[in-house]
Each structure stands twice: as structure tokens, then as C-alpha cells.
Amino acid sequence: MSSEALKKLVIVGAGGLAREVRWLAEEINKARPTFEFVGYVVSDLASLGDHDSTDEVLGDESWLLENPGRFDALALGIGTPKWRKVVAERLGEHFEPEMWPALVHPNVCLDRGTCSIGHGVAICAGSIATVNVHFAPHSFVNLACTLGHEAVVGRYSVLNPTVNISGGVELGEGVLVGTGAQVLQYLPVGEGATVGAGAVVTKPVPAGEVWVGMPAKPLKR
């Protein structure tokens, strides 16, 4: 495939997760050349810090509007569900869903005949989804997660590494599930909720709440 045929990819964000999204795109290219990385854009140039890839930042989000011919694909490199939603909705006013390709690592194991993957989804290396799993737009599944039959990952939701989502679990919009957490089968996790790292969810989690521990319980504030 010639370089002219590659999708010119800009990643929104410039921190560690954004670099991991770039790596995901490079891993996809090893299986099938698909993307040409153009650079990063950020919401606020003044907020760039020591952990950001400042040397490859093209500009703020206005760069996208001013340079439409320099890219034809976008990806979110933002790990907080709240800000994934804010940025995706803001840019969604200017860029159609087709501009947000799903990024699925070549070694991800899932039933492509029954699973559905929305635009802007990212699924990282080592993850497994069985049958009838639904990944809503702009959801993010980090390294080595497992998802059982009929699980739903809500829009903008983020699974950190090694999360286990059992069959029939429904994660609402903007849910964050911490590293190594487990959600047992057929339990709902409400919109905007957070499941702490290492937690084991054995009961429904209401919207907006933070649950931690084993078994998980609401965090007292």
C-alpha cells in the first residue's frame, strides 16, 4: 500500500495515553499498513507539561479546523471518560463519525460476527471479547481486558488494564473501571460511575457513584 493511501491520523491529547494510542496504530500498521501519524493536538497549549509529547504537538484544536487537508482520521488519546465526552462532542460538531476509525489491535480476540464496534473505539493488545459484546462509540479498552457474552461498554467509558467484565454486564456512559477490577455477571454500572482498581463488583452500581474494595462498596466521602 502506498503512503498516499494511508489515513493521516491526528491524535487528540499528548500525554502517556495518547502515545499508547499512537503505538496501537503502529501495531495495526504491522499487520496491515493503515495509518500515517501526523501529530498530536491538545485543547489547551498552556496546559502542556513535562509528561506530554510537546515536540510533536501540532497546535490546539483550532489546528484541525485550519488544516482540513492535512489529516483524514482522528483518535482520542484521553483516558478520563468525562473529558473524552467533552472533547468528542465538541469535535463532533465539525467532524463526522467516519473521521474516527475504530482502532483494534491485531491480536485482540473477539467474535466479529456478533460483536459491534462503534466509531472512535480503541481496543488494546491482549484483550478478549467473546460473543455479542457491544462497544459504544469512543469507548476505550486498555491492555489485557476480558469481556463476556452480551457485555456492553458505554459511550466514552474506559476500562483500564486487566479489567474483567463478565457476561451480561452493562456499563453506562462515561464509566471508569480501574486496573484489575471485576464486574460480575448481569450487573449494571450506572452512567458516570467509577469502579476502583482491584474492586470486585457484586451488586449494581448506581450512576455517579465511586465503588471500591472486595466486595465493592460505595466510597464514603
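In what order do the 8 strands of the open sheet run?

1. The order is E5-E7-E10-E13-E16-E19-E21-E22, and the pairing is mixed. Strands here are DSSP runs (E, at least two residues) numbered from the N terminus, and two of them pair if DSSP finds at least two bridges between them. Strand E5 (103-104) and strand E22 (217-218) are the edge strands, each pairing on one side only.

2. Before you go further, please note that this is a predicted model, where local features need pLDDT of at least 70, side-chain atom pairs count only at pLDDT 80 or more, and totals for chains, interfaces and linings use all residues. Residues are numbered from 1 along each chain as its sequence is written, and side-chain values use heavy atoms, leaving out hydrogens and water.

3. Within the sheet, have a look at strands E13 (residues 158-159) and E16 (residues 176-177), which run parallel and are joined by 2 bridges. Val 158 stands opposite Leu 176 in E16.

4. Now for the cavities (on a 1 Å grid over the protein atoms alone, sets of points where a 1.4 Å probe fits but cannot get out). There are 2 cavities of 30 Å³ or more.

5. Lining residues have an atom within 4 Å of a point. Around the largest cavity they include Glu 20, Trp 23 and His 105, and its lining divides into 5 nonpolar, 2 polar and 2 charged residues (Asp, Glu, Lys and Arg count as charged; Ala, Val, Leu, Ile, Met, Phe, Trp, Tyr, Cys and Pro as nonpolar; the others as polar).

Terms used
On a 1 Å grid over the protein atoms alone, a cavity is a set of points where a 1.4 Å probe fits but cannot get out, and a pocket is an open set with protein on both sides within 12 Å along at least five of seven lines; lining residues have an atom within 4 Å of a point. Grid points are joined across faces, edges and corners, and a volume is the space filled by probe spheres set on the points. Helices (H or I, at least four residues) and strands (E, at least two) are DSSP runs, numbered from the N terminus.
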